[in-house]
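The following report covers salt bridges, ligand contacts, a metal site and backbone geometry. The structure comes next.

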Amino acid sequence: MSFSPAEQRAMRRALELASTPGVPLGPNPRVGCVLLTAQGTEVAEGYHRGAGTLHAETAALAEAGEDARGTTAVVTLEPCNHTGRTGPCTRALIDAGVKRVVFAQPDPNPVATGGEAALRAAGIDVEFGLMERESRRLNRAWTFALEHHRPFVTWKFAATLDGRSAAADGTSRWITSRAARVDSHRLRAQCDVMLVGTGTVEADDPELTVRDEYDGLLAHQPLRAVMGVRALRRDRRVFNDSAETEQLRTREPREALALLHARDRHHVFLEGGPHLAAAFVEAGLVDEVVAYVAPALLGAGSNAVADLGISTIADIRRLVVEDVTTVGTGAEADVRMTMTFQAPTRTPIERD
Ligand code: AOF
Ligand code: ZN
């Protein structure tokens with residue numbers, strides 16, 4: 001692998017373009033592309049703006065026009081080789097006379113893959129792996145979903161220092177500060193599904209929308225998914241018209257994720273109660289945990305997670321700390337801990 005300094009700079013720029021804020025999160029990945037002359041000067045750039053719009057490569061080629069001939073295309077993802085919502089980028093790059101393609105991450109999408117071979121077969125010089133880790137991180141949930149055939153699951157909860165999510169009488173508003181709640185809405189916005197159980201909808205009547213710090217609804221809302229078989233009253237707030245809602249008629253975490261995967265959803269934000277959390281943890285279907293821990297004690301009340309069937313210390317479920325951050329200041333401060341489960345919990349759902 002050898003990449004020129006200009007290619008490295010271009011890849012950094014392509015990643016920046018791919019991360020452009022405001023791009024609607026849909027079923028598609030975030031992708032950026034920069035076209036360079038043989039001397040390493042930038043000719044054009046492009047990025048993907050959401051499902052159904054131009055891919056990053058074709059957006060850059062459109063901007064370059066005839067100047068694309070003889071250039072190097074630096075792309076964050078392997079160019080696609082399929083006709084989907086748009087035509088194959090491999091064909092567009094070949095037809096435009098691009099000489100070399102440098103990409104970060106091989107495409108895990110079985111439908112679109114094959115770009116590298118197709119470009120090579122057309123006599124184009126191809127290299128990849130430059131800043132692959134950054135590209136994978138940018139499309140973390142998308143990549144995970146394609147590689148594991150199910151959505152990535154983030155379990156979020158708020159608790160006291162002694163792990164209580166509600167007091168003995170069932171009251172739970174508010175354990176954490178406003179700052180933590182605003183922060184959790186920021187994380188909600190990065191997901192495409194908010195998942196709770198029917199019990200939570202009946203008991204707490206949450207709205208499950210994503211709001212900004214002024215309590216305004218964001219334009220793009222994740223799907224509100226409610227899992228469970230019991231019939232729900234239509235006057236529950238999840239049925240208001242602020243976002244789409246779907247009941248997943250199953251109690252099985254694996255089945256619920258399979259249904260969401262079939263709908264092209266990649267990132268589930270699990271916000272249900274302790275029983276739903278326990279079911280996902282026991283099934284090995286939690287990939288990331290975001291815990292907002294308030295500097296407060298309750299001493300009694302329900303735990304953030306229900307019984308996991310663990311009766312001896314040898315069976316303890318350990319996690320790996322990825323990040324610890326204080327959210328808010330002074331009396332408003334809580335601690336946000338982000339953790340992942342160790343590898344064995346990453347159970348794929350086999351395709352049939
Ligand atoms: C994108 N944007 O810039 C690139 C993509 O939905 P389609 O049919 O347009 O194709 C989506 C697939 O194309 C996507 O899953 C990925 O594998 C590949 N490349 N997709 O949305 C892009 N370069
Ligand atoms: Zn493409």
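Glutamate 202 and arginine 233 form a salt bridge (a side-chain nitrogen of Lys or Arg within 4 Å of a carboxyl oxygen of Asp or Glu), with their closest N and O atoms 3.0 Å apart. The pair links distant parts of the chain, 31 residues apart: glutamate 202 belongs to helix α8 (residues 198–204), and arginine 233 to the loop between β8 (223–227) and β9 (245–248). Helices (H or I, at least four residues) and strands (E, at least two) are DSSP runs, numbered from the N terminus.

This is a predicted model in which local features need pLDDT of at least 70 and side-chain atom pairs count only at pLDDT 80 or more, while totals for chains, interfaces and linings use all residues. Residues are numbered from 1 along each chain as its sequence is written, chains are lettered from A and ligands numbered from 1 in the order in which they are written, and side-chain values use heavy atoms, with hydrogens and water left out.

Glutamate 202 counts as buried at 17% relative accessibility, whereas arginine 233 counts as partly exposed at 45%. Buried means under 20% relative accessible area, exposed over 50%, and partly exposed in between (1.4 Å probe, protein chains only).

The whole structure has 24 salt bridges. Three of them, including the pair above, are set out here.

| Glutamate 202 | Arginine 233 | 3.0 Å |

Salt bridges with shared partners join Glu7, Arg100, Asp125 and Glu127 into one network.

Aspartate 125 is partly exposed at 37%, while arginine 100 is buried at 12%.

Ligand 1 is surrounded by 17 residues (each with a heavy atom within 4 Å of the ligand), and the closest are Asn28, His55, Ala56, Arg85 and Asp107. Polar contacts are pairs of N or O atoms within 3.5 Å; within protein, one must be able to donate a hydrogen and the other to accept it, and residues adjacent in sequence count only if both atoms are side-chain atoms. Oxygen atoms of ligand 1 lie 2.6 Å from a side-chain N or O atom of asparagine 28, 3.0 Å from one of histidine 48 and 3.3 Å from a polar side-chain atom of histidine 82. Taken alone, ligand 1 exposes 480 Å², of which the protein buries 96%; these areas come from the Shrake-Rupley method with a 1.4 Å probe.

The zinc ion (ligand 2) is coordinated by His55 (ND1), Cys80 (SG) and Cys89 (SG), at 2.0 to 2.2 Å. Donors are N, O and S atoms within 2.8 Å of the metal (3.2 Å for Na, K and Ca), and sites may look incomplete because water is not among the atoms. The donor residues follow the spacing H-x24-C-x8-C in sequence. Both cysteine 80 and cysteine 89 are buried.

Turning to the backbone, a cis peptide bond joins arginine 173 and tryptophan 174, with omega about -15°. Aspartate 205, not a glycine, has a positive phi of about 50° and is buried at 18%. Aspartate 215 also has a positive phi, near 75°, but is exposed at 56%.
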